[in-house]
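Below are my notes on the model, point by point. Please read them with the coordinates open.

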Amino acid sequence: MRHPLQARRPSGRWALLSLLAATWWLAAPPAAAQDTAAPKAAAPQADDVPPATHVASLQADGPPAAAQAATPQADSPPAEGGPPPTDGAAGAGAPSGGAGGAGGAASDARDPAERSAARRDRPGATSSRATPSKKRRGDINPCMTPDPGWGVYDRWSRAPSIGQMIMPHRGGVTKRGGFDVIIHFHGHEALRKEFVKTAEGAVLVGIDLGIGSGAYSSAFSAPYVFENLLDSIERAVAKKTGKKKAYIRKLGLSSWSAGYGAVEQILRQPAGKRVDALVLLDSLHAGYADEQQHKLKVAQIEPFIAFARRAAAGEAFMFMSHSSILPPGYASTAETADFIVRQLRGKPRGSSRADVLGLDMIRRFDRGDFHVRGYTGDDKPDHCAHIGLMADVVRVHLNPRWKSPRGRR
């Protein structure tokens, strides 16, 4: 007599047909990965948190960190501006269980369709969504730029307490052990391609922690995290150069897309006073106190306003760029840039210039060492293209300002 479970087992022919059907189902792309699929309906969100998907806007950033705190990280938008794929997670050195691992936790918390969309929409992804949706000068895709090599720099090292770093193969440090460093948040490998084109010897640290700004804000909310990071950078340079008392001479922060969450936290901390240069590449958002009137939650961007005032007075350097992307439910990078300029009682002036990676400049503002550049463009490649501005920022501004010790091959 057959066991009851055996009685329900299909015959050999039906088992084969079932296997073939299952194989076909696994081979078919999920609905989220098909370009013709309709956007997933968004669930109700907490105040200031954008919907879980907003394909129409193609805004790559997560909501402001303060808004994300109201909901799980999984509710942040897909990673259309997510960090480019690398040979390893830049945040691998973050403490387990802490905010430093929020990027992986956020991906696991989402359903499979959202994870598929997030992977597909990273700069460097190969799906049709990563292809520019409009003709661009030079037929380039800003999300998949060619690699220029490493210049005078070594490959990525995992020496920092969080993220990765590149140092000149030789040199890059004064006789007394001083060196300069830029710490970049979000998209470290894409930024590296631009940095090495013009950097003369400054160290670059790249950190990728997740999709939305909340992962970055949480990771650096405790002051000791950034202080430990600086200490670990100095130890790494000391070990490589043999300068036992190696120290950071000039410190810069930069971010693209959601990386501004970390910058905000750092600027509020005592160690933030050491920052001499700040570069925001289409990378500053804020929540709305009144969405109908587009009234910003000023407290969220106060550290950036204060830094802009320092830069305008020549005490520091600050560069901001913005696209024309309009995200749902929170302030765009254009709105935050305009607000900061107004706090300085300034007004951007019109401009018309063809810039890197197909960007078209439409306005600018300059006062002292504070610079704003505004561009057209409302899609994902336009957002990626802002990373391409870093090479000129380093060449035109940081190299003359810092006069970093030269690196050599």
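1. Terms of burial. A residue counts as buried under 20% relative accessible area, as exposed over 50% and as partly exposed in between, with a 1.4 Å probe and protein chains only. By that cut-off phenylalanine 220 is buried, with a relative accessible area of 0%. Phenylalanine 185 counts as buried too, at 0% relative accessibility.

2. Basis. This is a predicted model, in which local features need pLDDT of at least 70 and side-chain atom pairs count only at pLDDT 80 or more, while totals for chains, interfaces and linings use all residues. Residues are numbered from 1 along each chain as its sequence is written, and side-chain values use heavy atoms, with hydrogens and water left out.

3. Overall figures. The protein chain has 13 helices and 13 strands; these are DSSP runs numbered from the N terminus, helices being H or I of at least four residues and strands E of at least two. Of its 409 residues, 55% count as buried. A contact means heavy atoms within 4.5 Å. Among contacts between residues at least 6 apart in sequence, 73% join residues at least 24 apart.

4. Nonpolar cores. A nonpolar core is a set of buried Ala, Val, Leu, Ile, Met, Phe, Trp, Tyr and Cys residues joined through side-chain atoms within 4.5 Å. The largest has 59 residues, of which Ile183, Phe220 and Phe370 touch the most other members. Helix 8 (residues 223-241) supplies the largest share of this core, 8 residues. Another core, of 32 residues, lies apart from it and includes Ala190, Val196, Ala199 and Leu398.

5. Aromatic pairs. Rings of Phe, Tyr and Trp (its six-membered ring) pair if their centres lie within 6.5 Å; planes under 30 degrees apart count as stacked, over 60 as edge-to-face and the rest as tilted. There are 5 such pairs in the structure. One of them joins phenylalanine 185 to phenylalanine 220, edge-to-face, at 5.3 Å centre to centre with 80° between the planes. Phenylalanine 185 is in strand 3 (residues 178-185) and phenylalanine 220 in the loop between helix 7 (213-219) and helix 8, so this pair ties together parts 35 residues apart in sequence. Phe185, Tyr216 and Phe220 form one aromatic cluster.

6. Helix 10 and its surroundings. Which residues of helix 10 (residues 302-312) are buried? They are Pro303, Phe304, Ile305, Phe307, Ala308, Ala311 and Ala312. These pack against helix 9 (260-267), strand 6 (275-281), strand 9 (317-322), helix 11 (333-343), strand 11 (360-367) and strand 12 (370-375). Not counting residues up to four places away in sequence, phenylalanine 370 touches Ala308, Ala311 and Ala312, among others. Just after helix 10, glycine 314 takes a positive phi of about 80°.

7. Glutamate 264. This residue is in helix 9 and is buried, with a relative accessible area of 9%. Leaving aside residues up to four places away in sequence, glutamate 264 touches Gln300, Pro303 and Phe304.

8. Two strands pair if DSSP finds at least two bridges between them. Strand 10 (residues 349-354) and strand 11 run antiparallel, joined by 4 bridges, and alanine 354 stands opposite aspartate 360. Their hairpin has 5 residues between the strands, with leucine 357 in the turn at a positive phi of about 50°. Strand 11 also pairs with strand 12, antiparallel over 6 bridges; here arginine 364 stands opposite arginine 373. That hairpin has 2 residues between the strands, and glycine 368 in the turn has a positive phi of about 60°.
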